[in-house]
Amino acid sequence: MATVTEPRRATRRAFQTKLLIGGQWRDSVSGKTFGTFNPATEEEIAQVAEGDAADIELAVKAARKAFDSGPWRKTDARDRGRLMNRLADLIEKHLDELAELETLDNGKPISESKNADLPLVIDCFRYYAGWADKIHGQTIPIRGNYFCYTKREPVGVAGQIIPWNFPMLMVAWKWGPALAAGCTVVLKPAEQTPLTALRLGELALEAGYPEGVINIVPGFGETAGAALVGHPGVDKLAFTGEGRTAQIIMRSAADTLKRITFELGGKSPNIVFADADLDAAVDGALLGLYLNQGQCCCAGSRLFVQESVHDKFVDRLAAKVKARRLGDPFDPATEQGPQVDKAQFDKILSYIAKGRDQGAKCVTGGERFGDKGFFIAPTVFTDVKDDMAIAREEIFGPVLSVIKFRDVEEVIERANTTDYGLVAAVWTRDIGKAHAIADRIRAGTVWVNCYDVFDAAAPFGGFKRSGIGRELGEKALDNYTELKTVTVALD
Ligand code: ADP
């Protein structure tokens, strides 16, 4: 256990800052460390061991050993489920501490860490704990006197690279199906937010996961991440992050023909018809864009509002946006914290400048909030045209583009005019219209009269450039299993 100086109002305990490899906490081979920062104060929280190719080598070796010859292979499926439930129980027991650590490292409001992220994390582990002993094959009636059956075997060592926007939840989405299926994992958390993944590693050891089953190597994408992607000992690579990074990963993974799944970005349409419950739609628009400071791959960043209610809708929306409480993420009343780091902060401000330059009207926000920390005032642009940068590119911040539309056909076409296809939402009291939209929008998830409804049982992932494969639900087990067909001659 590293003892670091306890930052003001940080966690109630010192926290882990080393690499987890083969059941041991260790320094990186190079001895290097990197700083992780509190985005609300811009102060360093801790130095964390910086893994690179040499550490990935050790971690993959440990994961291979645990998979190929360790006790994990022989662990009964039901016991894999029990272990995962034990991990979920430990997370629940330490919920407050984990929520604080997440808020400290990421900047998200404590009310969200506690009431949204953590419950989803626990639920995800419990859901996949239930799957561990239900991963069945089939018996298949083939021609001839044969007994043919399939079984689903773990794919092997899974490399998992995750982003900083939901640091713990992304661990749960990755470990849940992988460990339920019997894989071993090497996780590389995002360099901005390594702390909660390391704490989950400690809890996993406490739960009783055998050494080498879970390995965690914090570090940078171009070094640790790239080494994981290229390593021939890794059978499967799961990545959540930017499309540009996914392209690099796909090229590199081609050398070893790794199985890959991607969960990438979006520029999701949130469509409000005049016949909707407008108050509910305003709240849905707020949640859909400003949750997590707008740092959501599924953010409803293109808000299409039907012409006849546009002005009324924008008035109500802007009033609520102006009333949002920004500030200390540890204050339970805070609704919006800082962006995760300076790079994101600068990128968002540059999009706001582009929005203004290209002729959109900034109704509220449009600037930094305060003079310390990476806070950006929640921003609403109207008069947004489809070809403006703020309507086409993922901003990953609290910047909403409101776009006027006239009718169903038009909005479907415009909503689909994007390279992305992660989610969409529609607000209407006309059930036929809702289904028409759900049918014709090219996106992996469509929410009708709701937004951001996530459940461990419901698959999530993107069409088009928003991803490959699905996470969550039964479907995610496919990512971590190989199907084997066995045919036995009966005479
Ligand atoms: P973001 O801009 O949201 O940080 P990235 O795609 O850059 O999105 O990062 C998501 C994750 O991918 C992080 O863990 C990061 O370290 C990792 N990553 C970045 N570049 C690479 C790369 N070339 N190879 C492997 N992983 C990478």
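**View 1. A network of salt bridges joins Arg64, Asp68 and Asp235.** A salt bridge is here a side-chain nitrogen of Lys or Arg within 4 Å of a carboxyl oxygen of Asp or Glu, and the structure holds 29 of them. Side chains of opposite charge can pair when their charged atoms come close. The model is a predicted one, in which local features need pLDDT of at least 70 and side-chain atom pairs count only at pLDDT 80 or more, whereas totals for chains, interfaces and linings use all residues. Residues are numbered from 1 along each chain as its sequence is written, and side-chain values use heavy atoms, with hydrogens and water left out.

**View 2. Arg199 and Glu97 form a salt bridge, with their closest N and O atoms 2.6 Å apart.** This pair links distant parts of the chain, since Arg199 belongs to helix 6 (residues 195-207) and Glu97 to helix 3 (residues 95-106), 102 residues apart. Helices (H or I, at least four residues) and strands (E, at least two) are DSSP runs, numbered from the N terminus. Arg199 counts as buried because its relative accessibility is 5%, and Glu97 counts as buried because its relative accessibility is 9%; buried means under 20% relative accessible area, exposed over 50%, and partly exposed in between, with a 1.4 Å probe and protein chains only.

**View 3. Lys484 and Glu153 form a salt bridge, with the closest N and O atoms 2.8 Å apart.** Here too the pair links distant parts of the chain, with Lys484 in strand 20 (residues 481-489) and Glu153 in strand 6 (residues 146-154), 331 residues apart. Lys484 is partly exposed, at 37% relative accessibility, whereas Glu153 is buried, with a relative accessible area of 16%.

**View 4. Lys134 forms a salt bridge with Asp133, and their closest N and O atoms are 2.7 Å apart.** Lys134 counts as partly exposed at 40% relative accessibility, and Asp133 is likewise partly exposed, its relative accessible area being 24%.

**View 5. The ligand has 18 residues around it, of which Ile162, Lys188, Glu191, Glu242 and Thr245 come nearest.** A residue is counted as near when one of its heavy atoms lies within 4 Å. One oxygen atom of the ligand is 2.8 Å from a polar backbone atom of Ile162, and an oxygen atom of the ligand is 3.0 Å from an N or O atom in the side chain of Trp164. For Gly221, a backbone N or O atom lies 3.3 Å from an oxygen atom of the ligand. Taken alone the ligand exposes 550 Å², and the protein buries 88% of that, with areas from the Shrake-Rupley method and a 1.4 Å probe.

**View 6. Helix 7 gives the most to the shell around the ligand, namely four residues.** The elements that each give two or more residues to this shell are helix 7 (221-230), strand 10 (236-240) and helix 8 (243-254).

**View 7. Ala333 is found in the loop between helix 10 (310-322) and helix 11 (342-357).** Ala333 counts as partly exposed, at 35% relative accessibility. The C-alpha atoms of Ala333 and Ser111 are separated by 7.5 Å, although these residues are 222 residues apart along the chain.

Key
Polar contact = N/O pair within 3.5 Å; in protein donor to acceptor, adjacent residues only side chain to side chain.
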